[in-house]
Amino acid sequence: MENTIQGKPAKNEKIKHPPGLYLLFITEMWERYSYYGMRSILILYLTAELFSGGLGMDQGSALELYGLYVGLVYFTPLIGGYLTDKFIGLRTAITIGGITMAVGDFTLFAIQEQWGLYIGLLLLIIGNGFFKPNISTLVGELYSKNDKRKDSAFTIFYMGINLGGLISPLVAGLLYANIFYSNTGGVEVFGFKYAFLASSIGMIIGQITFNLLSKKYLGDIGRKPTSSRVKPSLEEKAKPLTKVEKKRTVAIFILALFTIVFWTGFEQAGASFTLYTRDFIDRTIFGYEVPVSFFQSLNPLFILLLAPFVSALWIKLSKTKRGDFSVPTKMAFGLILLGLGFMVMIPAVMMTSSGPEDTVVKASMMFMIVTYFLNTLGELALSPIGLSAVSKISPIKIASLLMGMWFLSNAVANYLAGQVAALTTSAGYLEIFIYLGIAAIFFGIVLLLLSKKIQKLMHLDEFEENDNTKQVI
């Protein structure tokens, strides 16, 4: 019996996604479970006192370290993408990265000292470099270049990311703030290390699942390096990129610059938003104090609720006479929505005091909930669409490298996010949130104005109509 792994569906075949997409969905879900569970408490762990189970760092230094860590997490995919293009298969890289990250999380659990923190973070950074760009590239390889299911596929894949992101902060919160929390004589002790252990276990489960089922559901896709699969002749190796390929690469770089603005604001979730929630948000519901990490489950929860509708919307629009919105237009909407989310926080900050020790009135958690909702709508309009575009228009010879470059823009943004968050210790939350909101809306409008020119650079109408490659196992 034939099992079509890659290619467009036949005319009379019901449109559906290949089963390999759902294996990658599960694999990414567990990896994101590992990442977001750890990230949701990292800044809390760094700033908690030593006797409370933390490392006792001052808030400014902790935010700068946080920014450096998440920045490097998105920088190493550039190196991992290059190595995969040249020397190793996508699936091998995913396994190397997964195992390395599992060891990194376990190190954070086992060694509750600063040197243990640095070793653990280093392993997580290296492991993510091998994992992150290659699983996204592997999703793209399940489809032909001009397959109209691609945007939908990446949105579904994005749901896997956010299912892991939804569960892990809840688990981490229960572990550090409830199950392994103690209060003796007014001295609080948090169980941060057990949340790190849970992240390590999640990563191991994901890798076992991926390696047991990849042969059945992926066939030979992703086994060999791009250079081996493409098999260019000596003449082709020396041949430069075509004019169209160069234009597409330029388009990717331009879009990457706008994503820097987006993620600089969005990644306040793990930095300034986390500390603001801890100190200035009323987290009590019916006498229960909601753990701070729980709020980081709002974004993935909203994505899981909204992504099916957004995915269906893109497909419906693509079938209309006018057609779907262009990639740059969708991404512009994402930036504007992010900016509006920051504007929602302004009245909340205005009603609270300048420091947690002076706080008389705390802001309603509804401010934070609405902000996360708007940020999530922005993310759905920008991130999966960007991933799909990179996969769709990247020249095959440098596909993983460009995916790594895409994550490099995230690296810059995440580093900047930490540096900007650190400014709240001197400038205050109000000024920083206002500036971030205005910047996001301004650059969203600029991208909207440039959308037609960028769309022309992408040359989406020039993919070969006979790109109908199928792989049978």
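**Notebook: helix packing**

I began with helix H1 (residues 19-47) and helix H2 (residues 59-86), which pack at an angle of about 160° with their axes 8 Å apart. That makes H1 roughly antiparallel to H2 (angles over 145 degrees count as such). For the record, axes are lines fitted to C-alpha atoms, for helices over the stretch in contact, and angles run from 0 to 180 degrees between N-to-C directions. Helices are DSSP runs of H or I with at least four residues, numbered from the N terminus.

A note on the source: this is a predicted model, where local features need pLDDT of at least 70 and side-chain atom pairs count only at pLDDT 80 or more, while totals for chains, interfaces and linings use all residues. Residues are numbered from 1 along each chain as its sequence is written, and side-chain values use heavy atoms, leaving out hydrogens and water.

Next I looked up who touches whom, with contact meaning heavy atoms within 4.5 Å. On the H1 side I found Tyr35, Met38 and Leu42 among others, and the H2 residues they meet include Leu63, Tyr66 and Val70. By class, this contact of H1 with H2 has 13 nonpolar, 2 polar and 2 charged residues.

Then I turned to helix H5 (residues 150-179) and helix H11 (residues 298-318), packed at about 170° with axes 8 Å apart. H5 is therefore roughly antiparallel to H11. Their contact includes Tyr158 and Leu166 of H5, and Leu304 and Trp314 of H11.

Last came helix H3 (residues 90-110): its 21 residues reach 30 Å from first C-alpha to last, close to the 30 Å expected at 1.5 Å a residue (1.5 Å times one less than the number of residues).

Notes: Helices (H or I, at least four residues) and strands (E, at least two) are DSSP runs, numbered from the N terminus. Angles under 35 degrees count as roughly parallel, over 145 as roughly antiparallel, 65 to 115 as roughly perpendicular and the rest as oblique. Ala, Val, Leu, Ile, Met, Phe, Trp, Tyr, Cys and Pro count as nonpolar, Asp, Glu, Lys and Arg as charged, and the others, Gly among them, as polar.
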